[in-house]
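Here are a few friendly notes to read alongside the model. Have a look at it first, then follow the points in order.

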Amino acid sequence: MHQRKHIRLRGFDYRSVDSYFITICVKNFDYVFGEVRSGIMRLSELGNQAALNIQQIPILRDKIVVDEFVVMPNHVHLILTILKESNEPYHEPAFAKPMANSVSIIINRYKGSVKGWANENGYTHFEWQPRFYDHIIRNQESYEKIAQYIRDNPRRWDEDRYRM
């Protein structure tokens with residue numbers, strides 16, 4: 001029996017007050033969110049919706065901030081900051097059981113909202129990769145490097161797009 005690789009840091013409470021660098025990719029890395037021209041990301045209608053839904057995260061969720069984000073042709077980068085600890089005690093979640101108010105729940109709801117909009121507006125071919133990448137940002141220096149990486153992503157697209 002093949003078991004899926006556990007991609008989250010074991011024993012870490014993903015509801016804790018921290019900043020997280022998140023990357024969410026489109027299935028098969030399809031270019032659906034727009035295109036980069038002359039180092040500027042030009043969003044498609046679906047890309048605009050992906051950006052709008054990121055901006056809605058802190059409006060819909062108390063004590064959550066999206067510090068930086070960029071929507072690229074086939075992926076999204078963002079820094080998500082949780083400002084308040086959950087009142088619920090932490091216990092290691094069972095496989096495929098994200099905890100309430102965790103990074104996984106926030107990202108899964110985001111992905112679902114974009115997919116729902118896509119389905120309702122004729123983009124039924126659109127799909128996300130099943131998972132997402134996260135990195136817990138440990139200090140201010142790392143935070144600044146990641147924020148700059150996000151801001152520079154469209155300008156670096158020609159060299160970066162082949163590494164996905």
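1. How far does helix α2 reach from its first C-alpha to its last? This is a predicted model, and in it α2 covers residues 103-120. Its 18 residues reach 26 Å, close to the 26 Å expected at 1.5 Å a residue. After the helix comes Gly122, with a positive phi near 85 degrees.

2. Next, look at what α2 hides. Its buried residues are Val103, Ser104, Ile105, Ile106, Ile107, Tyr110, Lys111, Val114, Trp117 and Ala118. They pack against β1 (18-25), α1 (45-60), β4 (64-71) and β5 (75-82).

3. Now for the partner helix. α1 and α2 pack at an angle of about 145 degrees, their axes 10 Å apart, and the crossing is right-handed. From α1, Glu45, Leu46, Gln49, Ala50, Asn53, Ile54 and Ile57 meet Ile106, Tyr110, Ser113, Val114, Trp117 and Ala118 of α2. The residues of this contact comprise 9 nonpolar, 3 polar and 1 charged.

4. Finally, the core. The largest nonpolar core has 42 residues, and those touching the most other members are Ile22, Phe33, Leu46, Leu80, Tyr110, Phe126 and Trp128. Elements giving two or more residues to this core include β6 (133-137) and α3 (140-152), while α2 provides the largest share, 7 residues.

5. Beyond its neighbours within four places in sequence, Ile22 is in contact with Val76, His77, Leu78, Leu80, Val103, Ile107, Phe132, Tyr133 and Asp134.

Notes:
Residues numbered from 1 in each chain as written. Predicted model: local features only at pLDDT ≥ 70, side-chain atom pairs only at ≥ 80, totals over all residues. Heavy atoms only, no water. Helix = DSSP H or I, 4+ residues; strand = E, 2+ residues; numbered from the N terminus. Expected span 1.5 Å × (residues − 1). Buried < 20%, exposed > 50% of the residue type's maximum accessible area, 1.4 Å probe, protein only. Contact = heavy atoms within 4.5 Å. Axes fitted to C-alpha atoms, helices over the stretch in contact; angles between N-to-C directions. Left-handed = near helix turned anticlockwise from the far one by under 90°. Nonpolar A, V, L, I, M, F, W, Y, C, P; charged D, E, K, R; others polar. Core = buried A, V, L, I, M, F, W, Y, C linked by side-chain atoms within 4.5 Å.
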